[in-house]
Amino acid sequence: MKSPEINSLFEKNYKKIFRLALKMLKNYEDAEDATQNIMQLAYENLDSFRWEAKFSTWLYRIALNHIYSYSNKRKKQQKNVSKLNYSFPDSGNPEKRIYTEELFKKLDEIIEDLPPKQKEIFLLRYYSNLTFKKIAKILQKKVGTVKSSYFFAMKKIKESFKKKDLLDFEEQL
Amino acid sequence: MKCIKDKELMDYFNDELNKTRKKEIAAHLDGCKKCREKFREWQAIFSLTKDYVEKDKEDMQIPDFNMSKLKTISDETAEDSSFSLMRYWIKPAIAVAAVVILSLTFLFFPAKKDNLPSNDNFLVLQDDFMETTVTQVDSINIAYLEEALLQEIYSDDELRKQVLSGEFRDYYDIIMDDMRYNELEDSDLELLEKELNKLKTS
Ligand SMILES: [Zn+2]
């Protein structure tokens with residue numbers, strides 16, 4: 001029914017959207033469920049997609065809307081969300097490994113605590129590998145606004161590390 | 001040259017600066033200990049973030065995606081299945097959708113700054129001046145409201161498309177912000193109750 005070009009558009013974006021869903025929902029089952037719903041929604045509503053806009057921009061809007069709805073629904077059901085765990089390979093210097101592990105956990109917490117808008121932009125930037133321009137298009141915001149939010153997110157990360165005196169890790173590693 | 005602002009250092013690490021500017025920055029760093037310190041801090045943060053994200057992505061087990069997993073809607077069931085998906089999708093997002101519908105139907109309430117408990121239902125109202133207000137309602141009222149709003153959305157093709165194309169995103173952002181700061185006054189709740197009762201009886 002739909003052309004192979006359409007198929008490749010879906011496939012090309014699947015991983016990036018899955019990563020986004022996983023980071024926002026923090027649960028594999030939910031991420032898979034949500035991503036599948038997003039693809040299904042987009043597929044069924046291709047007719048309403050206006051081709052003057054970029055397909056991926058449209059798809060990300062559906063994705064973000066859906067992920068937020070999903071997470072709201074989950075909150076209503078008061079479903080528990082398990083934290084994602086990081087597995088670290090046992091290679092190299094154990095002291096360094098524990099130290100890195102600690103930093104990553106800390107960073108994970110900071111990202112988790114970012115205000116929703118900043119977190120969203122952070123994740124779109126790092127987990128979906130999007131440019132500021134693209135993020136601005138998706139969120140229908142000015143590039144400057146998106147960059148400011150990103151700046152505040154990074155600043156928050158930096159300040160949190162500074163407060164804990166963890167900023168000199170470059171030298172310790 | 002003046003000292004380098006944090007924002008510009010961030011641009012530097014995001015490769016958003018032109019060559020000339022980068023050279024100027026490098027030159028300034030050579031001669032300014034304070035900025036060198038700042039630079040080192042940002043560098044540490046960006047490299048940690050990059051490493052973390054890389055590791056995080058590596059650890060993710062992403063299931064394979066297959067187009068054939070997507071259900072094609074046959075003519076017979078077309079209406080039914082898109083309806084149920086629509087319903088599933090819009091229902092949790094009701095606070096977002098409510099903005100537009102309610103701007104036609106409801107009165108608007110003044111906002112008050114304070115904290116809200118996070119596990120309640122909220123109703124978001126927006127008036128013609130794009131002033132947004134978040135209102136707390138109990139679950140029974142919200143169920144009535146949802147039903148009324150959903151019916152309106154289902155019956156309106158244009159609205160459905162708007163919801164899908166993400167035109168409610170901006171409202172959502174405002175809601176997220178407002179939720180933290182707004183609390184309803186008793187008089188607002190009374191007004192809301194009145195409106196909800198009107199809705200129930202109509
Ligand atoms: Zn300086």
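Guide: The account below begins with the ring pairs and then turns to their setting. The model is a predicted one, and the values given here are computed from it.

Over all chains, the count of aromatic pairs comes to 15. One of these pairs is formed by A:F10 and A:Y43, whose ring centres lie 6.0 Å apart with 80° between the planes, an edge-to-face arrangement. This pair links distant parts of the chain, since A:F10 belongs to helix 1 (residues 4–25) of chain A and A:Y43 to helix 2 (residues 28–44) of chain A, 33 residues apart. A:F10 counts as buried because its relative accessibility is 0%. A:Y43 has a relative accessible area of 9% and is therefore buried, the cut-off being under 20%.

A:F122 and A:Y126 form another aromatic pair, this one tilted, at 4.7 Å centre to centre and 40° between the planes. Here both residues lie in helix 5 (residues 116–126) of chain A, and they are 4 residues apart, about one turn of the helix. With 0% relative accessibility, A:F122 counts as buried. A:Y126 has a relative accessible area of 13%, so this residue is buried.

Rings also come together in a cluster with members from chain A and chain B: ring pairs link A:F151, A:F152, B:Y12, B:F13, B:F39, B:W42 and B:F46.

A charged side chain is also placed over aromatic rings. The charged end of A:R125 sits over the ring of A:F132, at 4.2 Å from the ring centre. A:R125 lies over the face of A:Y150 too, with 5.9 Å to the centre of that ring.

Two of the paired residues described above return in the nonpolar core. The largest nonpolar core holds 73 residues, and those with the most contacts inside it are A:F10, A:F122, A:M154 and A:I157. Once neighbours within four places in sequence are set aside, A:I157 is in contact with A:L107, A:I110, A:I111, A:F122 and B:I45.

The wider setting is given by the two chains. Chain A has 8 helices and 0 strands, and its elements run α-α-α-α-α-α-α-α from the N terminus on. Of its 173 residues, 56% are buried. Among the contacts in chain A between residues at least 6 apart in sequence, 67% join residues at least 24 apart.

Chain B has 9 helices and 2 strands, arranged along the sequence as α-α-α-α-α-β-β-α-α-α-α. Buried residues account for 43% of its 202 residues. For contacts in chain B between residues at least 6 apart in sequence, the share that joins residues at least 24 apart is 65%.

Chain B also supplies the protein donors of the zinc ion. These are B:C3 (SG), B:H28 (NE2), B:C32 (SG) and B:C35 (SG), at 2.1 to 2.3 Å from the ion. The site is tetrahedral, with angles of 98 to 118° among its 4 donor atoms. The spacing of the donor residues in sequence is C-x24-H-x3-C-x2-C.

How values were computed:
Residues numbered from 1 in each chain as written. Chains lettered and ligands numbered in written order. Predicted model: local features only at pLDDT ≥ 70, side-chain atom pairs only at ≥ 80, totals over all residues. Heavy atoms only, no water. Donors = N, O, S within 2.8 Å, 3.2 Å for Na, K, Ca; no water. Tetrahedral: all angles 85-135°; square planar, octahedral: opposite > 155°, others 65-115°. Core = buried A, V, L, I, M, F, W, Y, C linked by side-chain atoms within 4.5 Å. Buried < 20%, exposed > 50% of the residue type's maximum accessible area, 1.4 Å probe, protein only. Contact = heavy atoms within 4.5 Å. Phe/Tyr/Trp six-rings, centres within 6.5 Å; stacked < 30°, edge-to-face > 60°. Lys NZ or Arg CZ within 6 Å of the ring centre and 35° of its normal.
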